Amino acid sequence: MAFAPSKGKKNLRKEKGSLTLNSMMDMMTIILLFLLKSMSTSGALIRPSEYVDLPMADREMDPKKAVALLVSAEGVFKDTEGDPQALSLIDELEDPANPVLPGLESFLVERRDLALKVGQAFKGEVTIQCDKSIPYRWLLKVIATCGVTEFGTIDFVIIKKKA
Amino acid sequence: MAFKPSQRRSREEEDTELNITPIMNLMVVLIPLLLSVAQLTEIALLEYLPPAEAAEAPDAGSAPEEPGQKGGEEARLSLVINLTESNIQVSMFNKVKPGPHFYEIPLLPEGTYDWKALNDSLWSVKQREVGPQLGLDSTENEFGEWEYFPRFKFLDGRELSITARGETPFQLIVAAMDVCRFHKEDGEKRELFPVTVLKQFE
């Protein structure tokens with residue numbers, strides 16, 4: 001049988017306790033400052049694609065906005081922020097009769113013509129996120145296709161080597 | 001003039017605490033947001049400029065140029081490194097027979113390319129064959145901007161071609177491009193051949 005609660009205890013005035021948030025605030029402030037510092041504006045221009053494993057190199061050149069392509073083990077894709085669209089698949093890349101890739105060529109020609117049509121200065125810059133395992137022969141075909149469509153500045157996205 | 005506080009004043013001052021709950025709320029929102037956009041790996045660009053039509057492979061019909069020979073045009077070094085299955089071949093002046101202008105760097109015992117030996121060897125080529133910088137050349141690009149670059153004894157004194165088998169992975173090509181760019185000596189970076197041209201394996 002449960003005893004009746006004590007009358008004295010029932011009327012005991014409870015002190016209002018307050019949570020000390022100071023240490024938590026300190027921690028949060030440090031984390032916030034660290035995250036703000038590590039967030040760079042240039043990094044936001046190019047986000048590494050989840051579909052490719054980028055190679056590592058000792059380079060410092062900052063990313064810039066240009067026509068973006070993805071070259072993965074499945075083919076060449078138009079990089080559209082999370083939803084890549086196929087331009088040239090393996091059959092085109094492995095076709096020895098084709099030194100250039102027709103799908104990629106038509107896309108680049110379209111981009112070049114569009115830039116000229118709207119009066120933009122056409123710099124012929126293309127940024128490629130290329131998987132580190134893709135064979136050299138594919139790479140040469142991509143470069144050759146960029147060359148014939150007047151995209152003369154090719155930038156490969158790499159992961160910076162830690163010093 | 002300020003009045004002296006009353007001696008009879010006995011009211012205790014209450015502790016006032018700053019209400020930090022709204023700031024905490026802001027932090028709780030900001031931190032996950034920044035974490036979601038933070039890039040833990042730093043990315044950069046590796047610039048590749050395909051050679052101009054005129055500067056492409058030498059005329060197939062002409063005889064290989066002798067070292068230091070100057071024809072009507074400025075002499076070319078034609079430095080090529082070839083990544084093969086068993087070694088790295090280094091060739092100058094289009095030579096393909098073993099000698100001072102064609103040699104091989106064997107693989108390391110663990111079966112990987114000896115990048116250190118290649119880097120040292122290219123530094124030796126740069127000093128022995130290319131020599132010191134002779135001055136600066138300038139050229140106007142298609143956008144009307146002037147570009148300046150160092151001039152050497154050879155027209156292609158900063159250039160190197162890389163060839164490899166078709167199945168060579170891209171990471172190895174990038175590694176080769178890195179190795180051919182600079183030589184570190186006494187903690188200082190010395191320029192080697194920063195302009196790389198990717199070519200078909202022949």
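Buried area is the accessible area (1.4 Å probe) that two parts lose on being put together, summed over both. Between chain B and chain A, that area comes to about 4400 Å², with carbon and sulfur atoms giving 67% of it. Ile43(B), Leu45(B) and Phe170(B) supply 19% of what chain B buries against chain A, more than any other three residues. The structure is a predicted model, in which local features need pLDDT of at least 70 and side-chain atom pairs count only at pLDDT 80 or more, while totals for chains, interfaces and linings use all residues. Residues are numbered from 1 along each chain as its sequence is written, chains are lettered from A and ligands numbered from 1 in the order in which they are written, and side-chain values use heavy atoms, with hydrogens and water left out.

Now for the chains themselves. Helices (H or I, at least four residues) and strands (E, at least two) are DSSP runs, numbered from the N terminus. Chain A has five helices and six strands, in the order α-α-β-β-β-β-α-α-β-α-β. Chain B has three helices and 10 strands, running α-β-β-β-β-α-β-β-β-α-β-β-β from the N terminus on. A residue is called buried under 20% relative accessible area, exposed over 50%, and partly exposed in between (1.4 Å probe, protein chains only). On that scale, 39% of the 163 residues in chain A are buried, and 33% of the 202 residues of chain B are. Accessible areas come from the Shrake-Rupley method with a 1.4 Å probe, and for residues only the protein chains shown count as cover. Chain A exposes about 10200 Å², 58% of it from carbon and sulfur atoms; for chain B the figure is about 13100 Å², with 54% belonging to those atoms.

Back to where the chains meet. A contact means heavy atoms within 4.5 Å, and this one takes 51 residues from chain A and 44 residues from chain B. Polar contacts are pairs of N or O atoms within 3.5 Å; within protein, one must be able to donate a hydrogen and the other to accept it, and residues adjacent in sequence count only if both atoms are side-chain atoms. Across the interface there are 14 residue pairs in polar contact (both at pLDDT 80 or more). On the side of chain B that touches chain A, at least two residues each come from α1 (21-37), β1 (43-48), β7, α3 (170-179) and β10 (195-200). The largest share, 10 residues, belongs to α1(B).

What about the greasy parts? A nonpolar core is a set of buried Ala, Val, Leu, Ile, Met, Phe, Trp, Tyr and Cys residues joined through side-chain atoms within 4.5 Å. The largest core has 63 residues, and Ile128(A), Phe156(A), Ile81(B) and Leu198(B) touch the most other members. Helix α5 (residues 136-148) of chain A gives this core its largest share, seven residues. A second, separate core of 11 residues includes Leu21(A), Met25(A), Leu35(A) and Ile31(B). Leaving aside residues up to four places away in sequence, Phe156(A) touches residues of both chains, among them Ile128(A), Leu139(A), Leu45(B) and Phe170(B).

Thr163(B) sits in strand β7 (residues 159-164) of chain B. Thr163(B) is buried, because its relative accessibility is 9%. Its side chain makes a polar contact of 2.9 Å with the side chain of Asn82(B).

Then there are the charges. Side chains of opposite charge can pair when their charged atoms come close. A salt bridge is a side-chain nitrogen of Lys or Arg within 4 Å of a carboxyl oxygen of Asp or Glu, and the count over all chains is 14. One salt bridge crosses the interface of chain B and chain A. Asp58(A) and Lys189(B) form a salt bridge at 3.9 Å, N to O.

Within chain A, Asp53(A) pairs with Lys132(A), their closest N and O atoms being 3.8 Å apart. Asp53(A) lies in the loop between α2 (22-38) and β1 (56-57) and Lys132(A) in the loop between β5 (125-130) and α5, so the pair ties together parts 79 residues apart in sequence. Glu150(A) and Arg112(A) form another salt bridge (3.5 Å, N to O). Glu150(A) is exposed at 51% relative accessibility, whereas Arg112(A) is buried at 15%. Arg112(A), Asp113(A) and Glu150(A) are linked in a network of salt bridges.
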